[in-house]
Amino acid sequence: MMTMGCSMENGVRITQMASTLQSGLAVWPSDSGMPKAASQCATDSAGSLQPSCAQVRMMRCLGIPTRVITNFDSGHDTDGNLIIDAYYDNTGRILKNKKDAVWNFHVWNECWMVRKDLPPGYRGWQVLDATPQEMSNGLYCCGPASVRAIKEGEVDLNYDTAFVFSMVNADCVSWLVHGGKEQRLHWDTNSVGNFISTKSIQSDDRDDITENYKYEEGSPQERQVFLKALQKLKIGRSQSPYQADSPSSRPMPPSQDSPQSLHTPSLRPSDVIQVSLKFQLLDPPIMGQDIRFVLLVLNMSLQFKNLKVNLSAQSLLHDGSPLPPFWQDTAFITLSPEEAKTHPCQIPYSQYSQYLSTDKLIHISALGEEKSSPEKILVDKIITLTYPSIMINVLGAAVVNQPLSIQVIFSNPLLEQVEDCVLTVEGSGLFKKQQRVMIGVFKPQHRASITLKTVPFKSGQRQIQANLRSNKFKDIKGYRNIYVDLTL
């Protein structure tokens, strides 16, 4: 956090409020060895982190308390009906939707404001998005939106509260597209808005603040708030002193009488399949290894069931956009009354490696049907592939102006040779400049170690950060906190 010249009058220097590494980010150590939000936002897949950090610096320099928020499984509702629609074909493949989406994460800021323009009770933390996803009143902007108003479903209060509500608490509806018609497959009320986080004070631990944005998923309060928000959008903005100057540019949800209504005819009891599907991973999803999982199938009825299940796998971008399928399978499963079976599946690394995006996300889905029933069953799962982390060892005591040796241990996780391999190591107060080690060719699953020598020139809590890149992968990360003493 480069705010050395900023301070708050009669308060604490801003530099003392921010951590050395990420200055308030919603982070915690991930499997990659790097704080989660840092390892994701620092890649080319998303640009929301750097503008958010810049906004934090600016607001704190002005004396406004500000912190960075990360929302995982973040909704992107473009039509303003608090519903994220996803479309599938009859092979189980998810279709590209140019409108709604669920991003694997999104980053925004919270600023502490009085908000005299709102009714009493809505002061405090306000959402400001430095990377707005949609236009608001003709401009690309988002907020300030009261966090309390978001939790209570007061989506008619200024500014862009409805859109932020959809980012943390929209429902997801899955549709089957076949023969020019759409059939609703599944309505999910709790998949959007998970692990809403900020950085803990004076540590790199994750502080979960999901309860600030919504009531517990599945609770009566959460459903009541959602329905209240939906109703407020249906009737439009009320004519109150707190109304926005102009109506929102986002369209209202369709009426129940429109052809796009979310309601579908009720199924007869004999039409209900009464079968459940669920995916279960057999091994941790490690980059470079085969993905092994099973489809768990349970017959909850007292009748025999003959199922046809279409399975599909495809890569996803961070914004939920699907790439073409690279793996498909069809399973025919016969179930006795109340019987459970497993269908084993395996996707070889050689098959998914050439189709994987830089976000390392794989979407698997299964669409089941029985000939005697018009109902379809859908289950899906997003797999995030991980890299083995870089290990960093500090050899000896860290003291200002005294030589220090740092050992970095890293490996090629793939079953193939990689080229153009570069290791970078840096740390504020530890290295004068970024250290670059040109490794070149790296053998399959080879493990290596290097030792760097430096002389710390600043005392206090410091952090070493390492990053490994090649022509086959990028951003394998590791970090290590150390404390540098002034004297021996």
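Analyst: The protein exposes about 23600 Å², and carbon and sulfur atoms supply 51% of that area (Shrake-Rupley method, 1.4 Å probe, with only the protein chains shown counting as cover for residues). This is a predicted model, in which local features need pLDDT of at least 70 and side-chain atom pairs count only at pLDDT 80 or more, while totals for chains, interfaces and linings use all residues. Residues are numbered from 1 along each chain as its sequence is written, and side-chain values use heavy atoms, leaving out hydrogens and water.

Of the 488 residues, 51% are buried (under 20% relative accessible area with a 1.4 Å probe, protein chains only; exposed is over 50%, partly exposed in between). The secondary structure comes to 8 helices and 26 strands (DSSP runs of H or I with at least four residues, and of E with at least two, numbered from the N terminus). Among contacts (heavy atoms within 4.5 Å) between residues at least 6 apart in sequence, 66% join residues at least 24 apart.

Now to the part I would pick: strand S15, residues 305–316. Because 10 of its 12 residues are buried, S15 is largely enclosed by the rest of the structure. S15 pairs with strand S16, residues 322–335, running antiparallel to it over 11 bridges (two strands pair if DSSP finds at least two bridges between them). To find this pairing in the model, look for Val-309, which stands opposite Ala-331 in S16. S15 and S16 form a hairpin with 5 residues between the strands, and there Gly-320 takes a positive phi near 85°.

S15 is also joined to strand S18, residues 361–370, by 10 bridges, and these two strands run antiparallel as well. Here Ser-315 stands opposite Ile-362 in S18.

Ile-362 and Tyr-352 touch the most other members of the largest nonpolar core, which has 55 residues (a set of buried Ala, Val, Leu, Ile, Met, Phe, Trp, Tyr and Cys residues joined through side-chain atoms within 4.5 Å). S16, the hairpin partner of S15, gives the most to this core, with 5 residues. Leaving aside neighbours within four places in sequence, the contacts of Tyr-352 include Ile-286, Met-287, Ile-291, Phe-326, Ile-347, Ile-362 and Leu-385. A second, separate core holds 27 residues, including Leu-82, Val-155, Phe-163 and Tyr-215.
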